[in-house]
Amino acid sequence: MGNSTLLNLVLYLPLVSAILVLLVPASKDSLVKSLSLGLMLIGFVLSVPLYTGFDPNDTALQFKTSIPWISSWGISYIIGMDGINILLIMLTTFLGPIVVLSTFSAVEKSVNLFYAMIFMLQFTMLGAFVAQNLFVFYLFWEAMLIPMFFIIGIWGGKRRIYATVKFFLYTALGSIIMLTAVIYLAYINFKQTGTMSYDFVDLYKVSVSPDIQKWLFLAFALSFAIKVPMFPFHTWLPDAHVEAPTAGSVILAGVLLKMGTYGFMRLAMPLFPEAAVAFAPLMKLIAVIGIVYGACLALAQTDIKKLIAYSSISHLGYVMLGLFSFNQLAVEGAILQMVNHGISTGALFLMVGMIYERRHSREIADYGGIASIIPRFAFFFMIVTLSSIALPGTNGFVGEFLILLGAFNDGYSVFKADGGSFELFLSSIAVSGVIIGAFYMLWLVQRFMFGPVVHEKNKELRDLNSREIGVLIPMVVMIFWIGLFPSSFFNKIDKSVTEFLKDYKRVEKSITSTVQHVEGVQNECGKYTLRDAS
Amino acid sequence: MCLEIFKTSKVSAFYLSLIGIFSAIIVLSIQFLSKTSFQLFEGHLIVDSFAISSKSVLLIAAGLILMLLPKKFQEIKFYMLFASSVYGAMLMVGSGTFLTLFIGLELMSIPVYVMVMFKFSSAREVEASMKYIVLGGVSSAILLLGISFLYGNSGGIGLLSLGHVQINHETYFITGIILVFMAFFFKASIVPFHGWSPDVYQGATQPVTAYMAAIVKAAIFLSMVRVFGGFQIPKALIGVLVALPLVSVIWGNVGAIWQKSFKRMMAYSSIAHAGYVMFAFLDTTGERSTAIAFYATVYAIMTILAFAAVIYFSDDEEEIDDLESFKGIFKKKPVAAGFMIIAMFSLAGIPPFPGFYAKFFIFKSLVASGYPVLALVAFICSFLGIFFYIRVLVNIFMYTEPEGRIVTVQPKGSVATANFWVLNVMAISLMIILFMSVNPENIIRIFGVSL
């Protein structure tokens with residue numbers, strides 16, 4: 001792996017960029033903006049070789065850097081990539097330039113500080129994804145709060161201070177409890193091996209007694225569940241989303257929430273496998289409650305941004321359901337669903353932000369019939385909506401389908417083994433989320449874009465300009481790329497997921513045959529949709 | 001040696017004091033690099049690596065505070081007080097017996113009583129000074145009483161021998177230890193001996209408050225390492241050492257939430273921080289001294305940074321202390337506001353700032369010594385603290401300036417000269433903080449080799 005410099009470069013570029021941007025005087029708006037965009041694009045371009053150069057057959061860490069850091073505490077600086085974080089790293093670098101481009105007209109005050117904060121956020125998020133040492137992970141994990149705190153607090157809406165303090169305190173509480181568990185785990189490792197180490201690889205090997213495992217798992221799970229956010233820890237999310245500026249919402253939905261689910265995959269589950277299996281029914285239950293509850297709340301919203309925020313809770317419920325189903329299909333579906341949610345929901349927030357800039361309202365009732373006035377907007381909004389409700393052919397379908405299939409398989413295997421039908425029942429309930437999802441999204445589209453034009457103001461709406469189309473096109477391309485050719489993405493993560501599942505003795509199926517099957521089903525469905533459309 | 005150089009600076013003005021401090025630091029670093037270690041005056045004074053590194057920390061902090069002093073304090077009288085107080089602090093960390101420790105403590109405290117009311121402009125400063133004198137006197141008396149009990153037990157007043165002293169009279173010994181701890185708790189403002197600190201902190205001028213919060217506190221912590229660094233805590237005391245710091249952390253953090261004055265808030269914050277430090281005395285893994293010294297260093301630097309930023313907020317003559325008046329100040333003083341981010345998040349213990357490492361160090365040793373539940377509780381209590389630190393930032397960044405306040409544009413020249421040094425202070429502390437964040441290992445090792 002001679003390529004470790006590349007990953008470091010991708011990681012530290014945003015940090016350097018943040019400083020560069022701060023050095024530009026705030027009065028030179030356009031310079032700051034183009035500089036930020038350029039730096040973000042460089043970051044993305046640099047990350048492409050990481051993806052293409054990633055060897056899917058090697059389950060060991062790739063692009064690995066490992067150097068001792070605080071050696072008297074046994075802490076080393078280790079970063080690296082494997083099948084579990086590769087897609088999320090790519091998602092982060094992919095969304096970077098899009099977020100910057102989308103805010104060109106939205107941010108007016110303290111522009112250089114704003115972009116510096118975006119870069120800091122980018123830096124800490126990438127850091128948390130690539131970190132392979134628990135201490136380093138925690139540093140990035142917690143440091144992430146700082147830029148987000150300012151982004152919501154300075155550039156947010158009316159109740160921004162309430163929202164940002166709530167966001168900060170909620171997540172910090174979770175992190176602090178996790179930190180105790182981190183130290184305790186490292187200490188158990190120290191007692192067993194005689195050396196202090198926070199490396200993931202070393203900590204995975206620690207054998208913890210089931211009782212203590214439960215407590216430590218709960219401590220980690222609480223922190224991650226707040227970040228996901230899972231029911232009942234979700235209350236900070238709608239506030240944060242609604243008050244955050246568009247860029248903040250996009251990053252929050254696109255990447256930040258994945259920290260929670262990623263944390264489960266990377267830490268809570270592999271560190272405490274027995275506790276994870278023991279808590280699986282509970283976690284699944286909470287996930288399914290989240291799916292249905294989030295969807296129902298979304299139905300009741302009159303504020304578009306809030307509606308999308310609640311739909312996030314529902315979508316991430318699927319991810320959690322997939323992860324705790326412990327089989328290849330569901331876990332791969334969950335990873336893909338993380339990316340999907342980042343793209344679809346990110347795009348939805350982008351579009352809400354665009355319309356908000358024009359009309360300064362997020363109330364559904366203030367719109368209606370705008371499809372005829374701004375057709376280009378309506379076109380993109382429809383695609384993104386369909387992706388969000390997981391129409392076959394779009395990315396959402398692949399993820400949700402695999403998760404549900406995997407969850408059923410898992411529930412069925414439990415049923416066959418000891419006749420417990422609870423998990424099977426949960427999987428069935430989860431399916432209803434798809435239906436409610438279609439309901440609230442399509443209802444939103446109907447009220448938002450179709451029908452008669454009630455408000456005079458809406459008649460003067462401008463359609464999307466070329467910059468905004470430029471923002472949306474990459475998103476739409478990704479929606480269809482993942483939707484139509486998911487196997488290239490699964491190839492990258494396949495082996496790592498198998499490795500991840502090694503600890504859990506559950507029923508497994510060959511993934512490749514199923515993916516082909518899924519693609520077959522999709523093509524069939526795609527034909528029908530196309531026929532219906534024409 | 002270093003002390004001689006420092007004495008010369010007493011009679012000089014600002015620059016000479018700075019030069020004095022600077023040359024003292026150079027002497028100390030030479031001593032450190034050559035690994036000097038000897039005892040003076042039959043063991044009353046110890047020069048070892050711990051003393052050297054602690055003195056360097058105190059001197060750097062003193063130099064920074066010196067630069068923060070406003071014009072009205074720039075008098076030889078004040079510098080004399082300042083220098084002798086710093087000298088006392090250095091004597092404390094280098095003391096080999098209770099005798100030198102006590103002399104150092106008095107030498108450090110007595111000038112501070114005067115510094116608090118120096119050039120007083122209101123009764124508040126006098127009141128603060130009086131409170132400080134009375135309570136400081138009481139704590140000195142308690143310390144002396146404790147020392148005499150310990151002397152009654154062993155017939156010696158050596159500090160190094162305290163850990164393995166023969167216990168002849170258990171009651172004497174335990175009482176003595178408790179009294180010495182009490183005296184230190186007084187000075188470090190641990191609940192229930194904390195009552196004086198909010199009033200005194202609020203009464204003093206900001207740089208003097210910074211001096212009390214940073215240097216006096218750090219000197220107390222560091223000299224506690226001298227006294228109890230390798231000391232096996234008797235079983236009878238463990239309950240107290242669990243309870244009092246915990247109560248301090250809660251009291252400090254909760255109390256700070258309600259404060260409207262920045263200095264009062266920092267006083268409560270310092271109560272909480274003293275609580276964290278005292279947790280280290282439960283440590284049994286041998287990391288106690290390093291953890292405390294590291295914490296004291298970090299705490300001193302970040303407190304100074306916070307005060308420097310606030311002093312920079314103030315327009316020349318009048319002090320800004322009301323948290324309300326911080327609102328929207330980011331627009332006027334963006335650089336200082338930026339430094340405030342670092343200071344506040346560091347004090348709150350949010351990574352990647354050094355405050356986090358310091359807290360991590362203490363809690364790590366707490367878990368390793370078999371108190372995981374206490375660590376959890378203490379962590380959750382420390383969470384309470386986050387709220388008021390970020391409230392400062394909310395005020396600075398997220399509110400616009402309250403209406404009706406007249407924005408006066410200062411003539412640039414006068415402000416620039418006064419603020420030049422404050423900016424320097426911020427820049428130097430920033431460099432130290434960056435150094436500590438990127439590579440805490442070095443600082444740990446500097447203290448790790450000692451004792």
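Tutor: pLDDT is the predictor's confidence in each residue, from 0 to 100. Chain B has a mean pLDDT of 79, with 84% of its residues at 70 or more. This is a predicted model, where local features need pLDDT of at least 70, side-chain atom pairs count only at pLDDT 80 or more, and totals for chains, interfaces and linings use all residues. Residues are numbered from 1 along each chain as its sequence is written, chains are lettered from A and ligands numbered from 1 in the order in which they are written, and side-chain values use heavy atoms, without hydrogens or water.

Student: Where in chain B is confidence lowest, and where is it highest?

Tutor: Lowest in helix α1 of chain B (residues 2-8), mean 47; highest in helix α11 of chain B (residues 262-279), at 89. Helices here are DSSP runs (H or I, at least four residues), strands likewise (E, at least two), numbered from the N terminus. Over residues 405-417 of chain B, pLDDT stays under 50.

Student: And the scores for the model?

Tutor: ipTM is 0.86 and pTM is 0.88.

Student: How many salt bridges across it?

Tutor: The rule finds 0 between chain B and chain A. It asks for a side-chain nitrogen of Lys or Arg within 4 Å of a carboxyl oxygen of Asp or Glu.

Student: Now the largest pocket. What volume, and which residues lie nearest its centre?

Tutor: About 1600 Å³. Of its 40 lining residues, L15(A), I19(A), M120(A), F353(B) and L434(B) lie nearest the centre. On a 1 Å grid over the protein atoms alone, a pocket is an open set of points with protein on both sides within 12 Å along at least five of seven lines; a cavity is a set where a 1.4 Å probe fits but cannot get out; lining residues have an atom within 4 Å of a point. Volume is the space filled by probe spheres set on the points, which are joined across faces, edges and corners.

Student: Which element gives the largest share of that lining?

Tutor: α4(A), with 7 residues. By class, the pocket lining has 35 nonpolar, 5 polar and no charged residues. Ala, Val, Leu, Ile, Met, Phe, Trp, Tyr, Cys and Pro count as nonpolar, Asp, Glu, Lys and Arg as charged, and the others, Gly among them, as polar.

Terms used:
Contact = heavy atoms within 4.5 Å.
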